[in-house]
Every structure is written in C-alpha cells, then in structure tokens.
Amino acid sequence: MKKPLYVLDAFAIIFRSYYAFINNPLRGTDDKNVSAVYGFFSTLYKIFSTYKPEYFAVLLESRTPTFRHEMYEEYKANRARAPEELIEQVPVILEILKALKIPMVQADGYEADDLMGTYARLCEEEGRDCRIISGDKDILQLVSERVHVLKPEKGGLYTDMGPEKVLNTWGLRADQIIDYLSLVGDAADNIPGVKGIGAKGAVKLLNEFDTLEGLYENIDTITAKAQKQNLIDGKENAFFSRQLVIIKQDCPCEEDIEKLAAGEPDYGAAVPILQRIGLKRLAEESAAKAGEEVVVPEEKSAAKAGNYCGVVSAEHLDKWIERAKEAGIFAFDCETDSLDSVSANPVGFSLSVQSEEACYIPVRAPELDCIPEDVIREKLKVILEDENIKIIGQNFKYDMKVLKQWGIYPQGFFFDTMIAAWMIDSSTPSNMDYLAEQYLGYKTVHFADIVEKGKTFDTVPIQKAAHYAAEDADITFRLYEILSVKLKELGMEKIFSQVDMPFVDILSNMELAGIHIDDGELAEYSVELEEKLEALEKEIYYLCGREFNIKSTKQLQEVLFEERKLTPIKKTKTGYSTDTAVLQELAKEDPVPEKILAHRGLAKLKSTYVDALPRYINEDTGKIHTHFIQTGTETGRISSKDPNLQNIPVRDENGRRIRAAFKASPGHVFVSADYSQIELVVLAHLSGDKALTEAFISGEDVHGRTAALIFHVEPEAVTKEQRRIAKVINFGVMYGMSAFRLSNELSIPRGEASSFIKSYFEQYSGIKDFIDKTIEKAEETELAETLFGRIRHIRMINSRNKMEKKAAERIAVNSRIQGTAADIVKMGMIRLAGELKKRQLKSKILLQVHDECILEVPDGEVEIIKPLMKEALEGAAELSVPLRVSVESATSWGEIH
DNA sequence: GCCAGGACGTAC
DNA sequence: GACGTACGTCCTGGCC
C-alpha cells in the first residue's frame, strides 16, 4: 500500500503563527519579530513527530498574480498588505525549510489551495491517501474517502476531517462546500456570494435542493418571499462566486509523488540558522531531535547556573534597582524565616532582570553586615510599587503576603510561573524544582540541602544562601520566558492575565485577613461529644460482647461480618466495605450498625473540626488563616488547606454547631453571597438547551420544572417525590451518572432509572448534544475547555480501555461545567474586590467556597455591601440565563443559609 | 518512629 | 465497574 502524502499550506501557518502572538510578539536577535518562524516550525515539528510522514510537501503561494485576479480584479482586494515584520520572516522560513530538506512546491499563477487540489487529485488517481493540513474551510471541498483535512486545534493537535466529520460538523457533504461558499461568499477574499443568505440559510437550502443548480431549478418552490428574491437577484453572483471558490486540480507542478519523499528532516542543519536569529529554544529542540552528534554550544548553558552575586552595599543595590527599572520587568523572590507566611519575616530578596543573571540581597545573614532593613525597603518599593514595572514570581501569593506585612504593596505583579504551569497542565506538579527540571532540564539546589533541619534561612552562610536564592529568581525568569509562550499557544493569555493573576492579590488579602473562631464554644462542644462517644462505645461494646477499635474498618469487618454474621454488601480493595450506605442497609437487620453510624458521625466532627480547628488559631492575630491553593484543582476551582475551610459541615444540626463557632469580629457581621445553581446555569448556557434555559427564565424552582418535564405533568402538579428525583438527575447529569448509580441513589429498579434518564434527555435534548459535542471535541483535541478558554488535558479520552474512556468522558463534561462556574466566581470576586477598593470600603473578603463568597463587614457598611456584592457577582458574566446571587448576613457563619 | 496508601466522610 | 472536584483523619503495614 502506498504511504500517504501530507501537504501543508505554508502561508496559512505563517499568518496564523504571526497573529497568534500579535499582542506580545516573540523577539529574537536584534529584537526582530520571530513569532512566525517559531510558530511555523513548532507546527512542522509537531506534525513530523505526530504523523511521521514519509511523503510531505510544503506548498507555497504563487509569486505572480493568479488566474483569479485576472478573472476578477476585486479578488482579495480588501486584504491589507501583510505587515513588514511578517514579510521579513518569510525568507528565513524558506532558508530553514531548505536546510531541513523539506520538499517545497510552488506554481506561478496558482494559489496553494490549487496545489492542494492538484495533489488531492493525483493521490486519488494513484490510490494513495492524502492529508491536507489547513484550518481553512474552503479546503473541505476536497475531502473524500482518500483525502482528509487535518484541522489545527489548540495544543498542537489536529482534527481529522473525513467525509463523515465534514457532514457532522457542517451539516453538508464535502462536495456541497463549493455551493455553500458560493451562496455565503467570503468578505475576507471579497467573494460576493448572494446577499441576504447567511451560513444557516445556505445549509438549509442545500439540504433541501442538494446543489446550486438544484436550487435554481426549483426556485419557485421557495415560499419565503424575501429569500426567494435575494436568490433571484443574486443568481449571477452565486455562479460567479463559484468559479472563484472552486479549487483547481490541474496546476503545473511536480506530479511524481515519489519525488516528495521527505524522510526525517535534517534538524541539525536548522540549528545554526535558529541560533543566528535568536530562537534558542527551537534551536535546542532541533539539536535534541538531531541526536547527539550535533553539539550545540548553548545547549549546555541553558541548563547551567547563571552569574549570581550578593548585594551588601546601598550603591550596589541601586545598580540593580536601576537595571530592573530599565528592563521594565524582573523576577522576584523572598526568603523568610518561616513557611507560615502570616508570621514570616524577610531574610533576603532576590532579583533577576534577565535569564542566567540574578542577585541576592540579604536582610539578615550570619557574620555579615547587611544593608539596613529600612534602606532595602525604600529602594525595593521603587520597583515593586510601580505598576509599570512588571513583576514575575513563583507562587507570588507567598511573597505578596510577606511584603505586605513588611510594608510593601506590590503593584506590577503580572506573571506567576507556578500558576502558568498549572494552567498549561494542571495534572503535573507546579513546584519550582519540578518545573526547572521539566522545562529547563535544570536541577535546582533544594532547600533541604542548604538549610539544616529545624533551622531557618537566616542561619545559612551567605555564599550558599545567595546562590540558592538568586537561582530561584533566575529560574523564575527563565520559566517565564518559556511558559508565557506556551500560555499564548494554548489561547489562555487572556484568562491568565485578567482572571488568575489579579486573583492572587485577592487570595493574599483573604489569607492575611483570617477569620475569628470561638474556641471556648468548641471546647464545650468537644466535651459534649466526648460524653456521647463514650456512651455509644459502651453500648456498642455491650451489644458486641467485646471491646474493639470502632475506627478500624478492619476490626469492624471482623465484628460485623464474622462475629455477627451480617451479609457483606460490597467489597473494597482490601476487604468488605463498611461505609455509610452499607451500614444503613445492615441496620435493617441488626442494632449495631446504627450505633456505629452515630459514632462515626460524631467522631468525625470531633477529630476533624471541633478539636482540630482551634489548633490553627494564629498566636499573633487570634484568627484562623487558611491557605487557598490556586493550583489545587484540575478544573480551575481553588482549594483550601491547613485548615480546609471549604468543607466545614452545614447539612445537619450537629455539624452546624461548628459553623456557628465562626464569629464576625466585634462591630462586624458576615455577609455571604451565594450563586444560585451556578453549575446548572452554566450548563444551560453552554448547551444552549431550550427547555433548561426556559426553566431558569420562567421559574425559581428549576428542579420542579425539570420534574414537570420528565414526568409530563403540570408544574403545579409535581409531587415532592418527583421533584426529589428530578433534582438527583439534574446533578447526576453533570457528573455523568449512570442508570446503575441512579437506581441505587433513588432505591428504584434499574429499568425505571434508565427510563427517567431517557426521558430527561428527550426533554433536554440540547444537553445531550452538549455532552456528545464535548466528548467528540475531547477525542480530537484531548482537551476540555471552559467558556473563557481555560483548558484541561483529557488524556484517557482515546483509551482503548472502555472504563478509562468512560471516566475520561465524564471528566471532560464535568470539567467544562465546573471550570466555567469557577471562572465566573473568580471574575465576580475580582469585580467585587475592585469595587471595595474603589469605594475605599473596610469590608474584607474572607472566604470562598466554590459558589459562595463570605465577607466580614463593619456594621456601618452592611447596607452598602449587600447590593454591591449582588451586583458585582451577578455581573461577572453575561450568559443566556441570568446569574442569580442571594445575599445574607449574620454575626456567625452558622446563621447563614 | 516515619511514611504511603486505603477507607471513609465533609464540602460544593 | 458504575458520580465530578477537593482535603483531613485514622488505621495499617512496610521500612528504618
């Protein structure tokens, strides 16, 4: 069998790459723009590593006007001439292509599209598959069983567009694309089309009449008057447009495909050119691909330590401050005497204004006179508090907290390498040691290697300290250079800079603020719980006839399933399960399980919350300062730890007493704002489902409306039971719940559960489509994307293991919903924080619990804050269904909800 | 005595 | 096997 031919439209990729970086171009030697070179060869390399083509050609545009220009002088007349910065890059690209020994084809008088058409035909004729790499919809007209288009997606992956895929995506056969374009036209190429006929209209017409000829032969059957007239008026334009959009298949060009044998590109030959123009990373990548025989002088240097110095005189410090000002950008890192940022004091700072160079400014060091603390503070302020000087950090929330407490309020923070790395791939670690290894191939000095156990950074000799600290700033700068490019490539520049970066400042303030808790109240509750637990233990031991550790599932299994001979219900990896569902079931035939359940519940409260929370009270502030981790989830949510304040009980009365111990400071109240059903609202928007949208717009009670729909009853006639079922399904859908699980959850037969789900998707067919489309897109791109462009890699989506695949599908669907909701909440909080600052209010944001945001508000501000919060959060995004936020206030957290 | 992994349970 | 996202606690068993 003949190996497939791959063809690539060079200028399409060049343009795309250039404009992908238009807001922040890549600069190489002499500050020249190299975005297009970088983008083009990243794409090319990716294609070679993914598809390993044996036959390959880069197709170039004609150097002279084409037959289309001769036919129609307005052709592409609307196009502005390409910018000089882009044109300059073309010769370099051709030079590199030549060095790589990649076959190139050009035919004067014809466009690259026509060359594609010609090769598509040649391949068809000799029974060879053809793959065309192009994002242009015009090219789809060439698609056939043998000829597929590979459409570039985010993250360097491609959608394989075969005949079926074209039909599914466009609602048209590939051979109808020509007629479609003839009707719709193309403003960019100045192709007229038929006035008044848009994309939807054209698809509908072609579905009905099949072809342009069919349409005009039966024009009298069209009932819509205006449309009919438009078509009659536009007939000439339509057929004229067709001549322009139709791709030629008979260019004069190399017809012997065997001559387009590509083999492995000569990567080594590209290295010197790439180095000359200053594309270091690509040069390194090329060298690596070429294998070891190519020695790149700079390759080693990328992984070597930079030039680091200690700064102990005011004059020396001034020089660095000046350098940072000049550069307008610098990487910054704090060393402190504690990991606990609330009580940490600075021990030193490091700065880097370009990669491989950094300094360390000690504030305290053994056996050394440092620059006085106040002098360092005043000088650093100049660059840290200037909003026009960009600050790069790694986990900058930490530095931000230390600095604020030290009297510096950073203004120009704009890039966190840890958060960037997490957004690029949330499933891999984002600590600096890992990132340095991963992205730079650099092994950093580890903290534990220079600081003796139990000691702090201010005890480290200055030589070692300076090297370690300066390296951190240097590595941070180097990571920035790489990660900023990757972020752009994935289309996340906007959400990164407009959402996740501003959010760092907000989280740092929330953590510094802390929340008050009444430990006396908890101490009393602890005693109460202890008494109840002891009583339960006694009862359990009496009933079982012996003592054992109730908290040990292993011992509990022995008691329940061996001694008491109860029937095991489900297994775990290590034995029989004793979880809540099992114990509830067992309680029907034995008195012990119920006691165990009660014991478990109270023991959990006591150990996880009642006894644990007071230990987190900070000695200095008297408050609990949780840590919010912005990189803690794979979906874009934040997490909370030490302690986790996002899972404080709320559902039952016992648990609520814990919330009740969280008190607003004297003279303050908590004001809490809660997004109503945010994930279902997001689902309604993302899916565009008519019925769900309607349910939200017309009524408060979306579960009731859902019940009415799936049970075919009037909304007023919905029973409680029906509503409960609808609610379970509403949530279940977002998690990809199966009929099996639903039947368990509702204690109904599997068949009944299936029919509920079936009925649900019949009524909410838009949701079904949304799920299908999400999965399909994930299969093509291995990504799930939120409404605002945050991505998550879905690596198992094409797994041959059915279970893994199903799990990946659920993850893909849920991530889009959960992630979009998380984006919205973050955006709302940014708006809110902005308002608080603008109005100089004293209210502080304390907590965020995914769809809820809690503020501590001085009594005098309550009436201003309530409407302000509602407005700020509801206006976070403009969706097809309005976002609703409810606001409540109270002096303890327990009174809210 | 330390640590990793499992089971379980809390939140959204 | 069968519901997504987290974190904390306790127990167990392996290791030093």
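This passage describes how the protein surrounds DNA strand C in a predicted model.

In the predicted model, 34 residues surround DNA strand C. The closest are Asn549, Ser552, Tyr735, Ser738 and Arg741. Of the atoms of DNA strand C that come within 4 Å of the protein, 68% belong to sugar and phosphate.

For Arg810, an N or O atom in the side chain is 2.9 Å from a phosphate oxygen. Asp642 makes its approach through the backbone: one of its backbone N or O atoms lies 2.9 Å from a phosphate oxygen of DNA strand C.

Several secondary-structure elements give two or more residues to the surface near DNA strand C. These are the helices α25 (553-563), α27 (592-610), α33 (739-746) and α36 (802-838), together with the strand β15 (639-641). The most comes from α36, which gives five residues.

The UniProt record, an unreviewed entry, places the feature "domain: DNA-directed DNA polymerase family A palm" at residues 655-861. Over residues 655-861, the chain is 61% helix and 14% strand. The end C-alpha atoms of this segment are 30 Å apart.

Key
Residues are numbered from 1 along each chain as its sequence is written. Chains are lettered from A and ligands numbered from 1 in the order in which they are written. This is a predicted model: local features need pLDDT of at least 70, side-chain atom pairs count only at pLDDT 80 or more; totals for chains, interfaces and linings use all residues. Side-chain values use heavy atoms; hydrogens and water are left out. A residue is near a molecule or strand if one of its heavy atoms lies within 4 Å of it. A polar contact is a pair of N or O atoms within 3.5 Å; within protein, one must be able to donate a hydrogen and the other to accept it, and residues adjacent in sequence count only if both atoms are side-chain atoms. Helices (H or I, at least four residues) and strands (E, at least two) are DSSP runs, numbered from the N terminus. UniProt positions are given in the numbering used here, feature names are shortened, and annotations may be inferred rather than shown by experiment.
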